Amino acid sequence: MTTWERLADITLGSSGDKLDSGTIVAYHHLKVVIHTIATGGTIKENITFNNDGGGNYNRIRSNDGATDSADTNQTQLEVFGDGTQDRYLVLDILNDPSEPKMVIGRYNVNTVGAGNAPTRCEWIGYWNNTSAQITQIEVD
């Protein structure tokens with residue numbers, strides 16, 4: 001039986017630019033849940049691990065089942081793109097210290113209003129680091 005442990009719980013007190021987990025325990029499997037709420041400005045969740053802004057991130061994604069788009073050798077994992085809607089994101093991460101960190105992401109983007117269907121996004125990616133585990137997650 002698997003038992004989950006909350007490693008961090010971050011809430012911005014006001015509109016802001018960055019969620020930072022601080023230092024977390026380096027478990028082999030990580031689940032990350034992110035909920036961003038529109039406050040009138042543009043939202044774009046870009047994820048980095050361990051403060052690494054080098055070109056070590058790769059991902060492929062599909063929005064609402066459309067054709068895949070890919071990014072390679074990026075300075076961050078770009079999850080969805082610019083928008084002004086509330087968003088709910090779940091990441092499952094394989095955090096093996098000697099392998100690239102594999103990430104599976106699922107996303108829900110919601111435009112408020114009864115007549116608006118939500119948008120979904122599925123993506124996979126990895127952080128190409130084979131010498132360390134993830135011990136910090138930042139969402140810009």
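User: How much space lies in the largest pocket?

Analyst: This is a predicted model, where local features need pLDDT of at least 70, side-chain atom pairs count only at pLDDT 80 or more, and totals for chains, interfaces and linings use all residues. Residues are numbered from 1 along each chain as its sequence is written, and side-chain values use heavy atoms, with hydrogens and water left out. A pocket is an open set of points on a 1 Å grid over the protein atoms alone, where a 1.4 Å probe fits, with protein on both sides within 12 Å along at least five of seven lines. With volume taken as the space filled by probe spheres set on the points, the largest pocket holds about 1,400 Å³.

User: Is N129 buried or exposed?

Analyst: N129 sits in the loop between strand 9 (119-127) and strand 10, strands being DSSP runs of E with at least two residues, numbered from the N terminus. Buried means under 20% relative accessible area and exposed over 50% (1.4 Å probe, protein chains only). Because its relative accessible area is 15%, N129 is buried.

User: Which residues does N51 contact, leaving aside neighbours within four places in sequence?

Analyst: N51 is in the loop between strand 3 (46-49) and strand 4 (57-63). Its C-alpha atom is separated by 7.4 Å from that of E138, 87 residues apart along the chain. With contact meaning heavy atoms within 4.5 Å, the partners of N51 are Q136 and E138.

Note on methods:
1 Å grid on protein atoms, 1.4 Å probe; cavity = no way out; pocket = protein on both sides within 12 Å on 5 of 7 lines; lining within 4 Å. Helix = DSSP H or I, 4+ residues; strand = E, 2+ residues; numbered from the N terminus.
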